[in-house]
Amino acid sequence: MSGNGRAKVPHAATCEALASWLDQVPFSKARKNIPRDFADGVMMAELLKHYYPKLVELHNYTSASCLIHKVNNWLTLNRKVLSKIGIKLSKDQIEQIASASPDYITPVLISLKQKIDSAKEKRDAEHKRTHTNNPQNILCFVEKKQADAVYGIPMACEAANGQQLMVSMENMVPQRLLDEKLSEIAEKDDAINILIQKVSHLDTLLQLKDQRIKDLTQQLQSLQVINKELGNSGFM
């Protein structure tokens with residue numbers, strides 16, 4: 001966005017959509033009047049930080065009541081952030097925005113919103129395209145008819161939109177190999193269960209052994225006490 005003249009006044013519906021969009025951003029102070037709120041550039045920095053966190057360092061922008069300070073904040077934003085996302089403000093626009101002149105900041109915000117919305121639509125479309133065209137995201141079933149049949153995804157799989165998608169053989173597993181691996185897993189599971197049972201049995205035996213040792217120790221101590229008492233009484 002560039003130019004020195006006053007921008008065309010946006011439609012009321014556009015302004016309402018803009019206000020609703022701004023309400024989604026956690027600003028450091030309540031928004032009351034857009035031209036005055038954005039005059040010193042701090043809220044603009046916070047808005048840009050919300051959507052372009054890597055481009056904005058908030059400590060570079062401090063609240064100001066002096067026009068020169070406000071203009072400096074906007075000059076920094078214009079140079080470090082706005083120009084990098086395709087929005088270039090003229091010196092006159094910056095001075096008008098810093099002066100809270102009506103009808104100058106709103107077109108800038110609308111332009112920013114359009115760029116952000118457009119970027120989001122492109123990301124969503126790319127995600128949808130990637131998700132739809134990825135064979136791993138398509139679930140197909142085939143009937144097992146012979147030992148060497150392919151398990152899982154067939155060579156030609158019909159997607160939800162009716163298109164035929166060809167799947168690479170790299171994603172295929174021979175049914176015979178799959179059955180062998182499943183059998184090996186089952187055998188190992190059985191062996192593990194047997195070992196677990198043996199360990200449990202040994203643990204029980206150890207507990208019984210410990211208890212037996214404890215009982216014998218107590219009996220021995222009792223006999224020692226009795227022998228000592230008998231010795232003291234002269235019977236030994």
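Student: Which residues does alanine 100 touch, not counting residues up to four places away in sequence?

Tutor: In this predicted model, alanine 100 touches Pro35, Arg36 and Ala39. Alanine 100 sits in the loop between α5 (91-98) and α6 (105-133).

Student: Why is alanine 100 called partly exposed?

Tutor: Its relative accessible area is 22%. Buried means under 20% and exposed means over 50%, so alanine 100 falls in between and is partly exposed.

Student: What makes a set of residues a nonpolar core?

Tutor: The residues must be buried, of the listed nonpolar kinds, and joined through side-chain atoms within 4.5 Å. The largest such core here has 33 residues, and Phe38, Met44, Leu47, Leu48 and Leu112 have the most contacts inside it. At least two residues of this core come from each of α1 (12-22), α3 (42-51), α4 (67-80), α5 and α6. The largest share, 6 residues, is from α6.

Student: Which residues does leucine 48 touch, not counting residues up to four places away in sequence?

Tutor: Leucine 48 touches Pro53, Val56, Leu77, Val81, Leu82, Ile85 and Leu112.

Student: Why are cysteine 15 and cysteine 66 called partly exposed?

Tutor: Cysteine 15 has a relative accessible area of 31%, and cysteine 66 has 41%.

Student: How many disulfides does a search of the whole structure find?

Tutor: The search finds 0 disulfides. A disulfide would need a pair of cysteine sulfur atoms within 2.5 Å.

How values were computed. Residues numbered from 1 in each chain as written. Predicted model: local features only at pLDDT ≥ 70, side-chain atom pairs only at ≥ 80, totals over all residues. Heavy atoms only, no water. Helix = DSSP H or I, 4+ residues; strand = E, 2+ residues; numbered from the N terminus. Buried < 20%, exposed > 50% of the residue type's maximum accessible area, 1.4 Å probe, protein only. Contact = heavy atoms within 4.5 Å.
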